[in-house]
Amino acid sequence: MNEPEQKSLLIEIGKRLWTRGFVAANDGNLSVRINDKEILVTASGLSKGFLTKEMILKVDLDGNPISQNPDYHPSSEVKMHLEIYRHRKDIQAVVHAHPPYATSFAVAGCTPNPCVLPEAVLTLGAVPVAPYGTPSTEKVPQSIRSYIDQTDVILLANHGALTMGEDLLTAYHRMETLEHTAQITFLAMQMGKVHVIPQNEIEKLMEVRKQMKIPGRIIIPQSEPVDMNEAIIDAITKRVVERLKK
Ligand SMILES: [Zn+2]
């Protein structure tokens, strides 16, 4: 794919992120590596639903602008993208957004269990939650550093989600799968019971993943029961028993 085609795809994916409500106002940022030294990245302070080619800038691996445009500046989160490109030669695209269900898990300090759906096991694996870091500072690349080598999907505590891939569409699809899994898990939690795929079946899926040669890296998930209601009932019971003892 040549540079103008990459820009067109960035615009298309920005539109999908905004249309699906994965970003609000000017949130989120996207980038693509076009060769060994150059990255295309969205400009800061713009809605991702209405990008034009002028709003996509070119920087080197240190974030220095290659194409100058006085009207626009690279995304303030470009450091987070560059951290990934420097550490993962296999990654050619990065998507950052704030999809509401996945971000809610990150706000609650937990992560959706991928063992609820085969697609999530195959494409996401276990999703780590990186500690909170002030947006636009070095704290954000620092917070993801220890996870980059292990996985293509990271939640950012009290912030949002980060996905990467061997191309832009793959990185975006990982964001869709993450949000879809988070939404389904959340809805099942409201129904009071979340049945998980047992560990022996997870192992079979890992075998399928190998056979299908699914690209990217995942952290192999461990099937553990999720039952919010039981956890809440346990906590309430403990509290009531403690009060009765007084
Ligand atoms: Zn963000």
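Colleague: Hi! Leaving aside its neighbours within four places in sequence, which residues is Leu-10 in contact with?

Modeller: Leu-10 is in contact with Leu-30, Val-32, Leu-40, Thr-42, Leu-51, Ile-56 and Leu-168, once neighbours within four places in sequence are set aside. Two residues are in contact if their C-beta atoms, placed from the backbone, lie within 7 Å. Do keep in mind that this is a predicted model: local features need pLDDT of at least 70, side-chain atom pairs count only at pLDDT 80 or more, and totals for chains, interfaces and linings use all residues. Residues are numbered from 1 along each chain as its sequence is written.

Colleague: Thanks! And which residues touch the most other members of the largest nonpolar core?

Modeller: Leu-10 is one of them, together with Val-95, Ile-154, Leu-155, Ala-161 and Leu-178, in a core of 56 residues. Helix H6 (residues 168-190) gives the largest share of this core, 6 residues. A nonpolar core here is a set of buried Ala, Val, Leu, Ile, Met, Phe, Trp, Tyr and Cys residues joined through C-beta atoms within 7 Å. A residue is buried if 20 or more other C-beta atoms lie within 10 Å of its own, exposed if 12 or fewer, and partly exposed in between, with C-beta atoms placed from the backbone. In soluble globular proteins, nonpolar side chains tend to be buried together.

Colleague: Zooming out, how many helices and strands are there in the protein?

Modeller: The protein has 8 helices and 7 strands. Helices (H or I, at least four residues) and strands (E, at least two) are DSSP runs, numbered from the N terminus. With a radius of gyration of 20 Å, close to the 18 Å that the globule rule gives for 246 residues, the protein is as compact as a globular protein of that length. That radius is taken over C-alpha atoms, and the rule is 2.2 Å times the number of residues to the power 0.38. As for burial, 38% of the 246 residues count as buried.

Colleague: In what order do the strands of the open sheet come?

Modeller: The order is E3-E2-E1-E4-E7-E6-E5, with mixed pairing. E3 and strand E5 (129-130) are the edge strands, each pairing on one side only. Two strands pair if DSSP finds at least two bridges between them. H6 packs on this sheet, touching E1, E4, strand E6 (153-156) and E7, and its direction makes about 145° with that of E7. For that angle, axes are lines fitted to C-alpha atoms, for helices over the stretch in contact, and angles run from 0 to 180 degrees between N-to-C directions.

Colleague: Why is E4 largely enclosed by the rest of the structure?

Modeller: Because 5 of the 5 residues of E4 are buried. Ala-93, Val-95 and Ala-97 point one way and Val-94 and His-96 the other way. In a regular strand the side chains alternate between the two faces of the sheet.

Colleague: How many bridges join E4 to E1, and over how many does E4 pair with E7?

Modeller: E1 and E4 run antiparallel and are joined by 4 bridges. Leu-30 stands opposite Val-95, Ser-31 has Val-94 as its bridge partner, and Val-32 has Ala-93. E4 and E7 pair over 5 bridges, also antiparallel, with His-96 partnered by Leu-162 in E7.

Colleague: What about E1: are its two faces covered or open?

Modeller: Covered on both: Asn-29, Ser-31 and Arg-33 on one side, and Leu-30 and Val-32 on the other, are all buried. E1 also forms a hairpin with E2, with 5 residues between them. Those two strands pair in the antiparallel sense over 3 bridges, and Val-32 stands opposite Leu-40 in E2.

Colleague: New topic! Where is Gln-6, and is Gln-6 buried or partly exposed?

Modeller: Gln-6 sits in helix H1 (residues 3-19). With 19 other C-beta atoms within 10 Å, Gln-6 is partly exposed. Beyond four places in sequence, its contacts are Met-1, Val-32, Ile-34 and Leu-40. Gln-6 and Ile-34 are 28 residues apart along the chain, and their C-alpha atoms are separated by 8.0 Å.

Colleague: Last one: which residues of helix H2 are buried?

Modeller: In H2 (residues 78-87), the buried ones are Val-78, Met-80, His-81, Leu-82, Ile-84 and Tyr-85. They pack against several elements, including strand E3 (56-59), strand E4 (93-97) and helix H5 (139-148).
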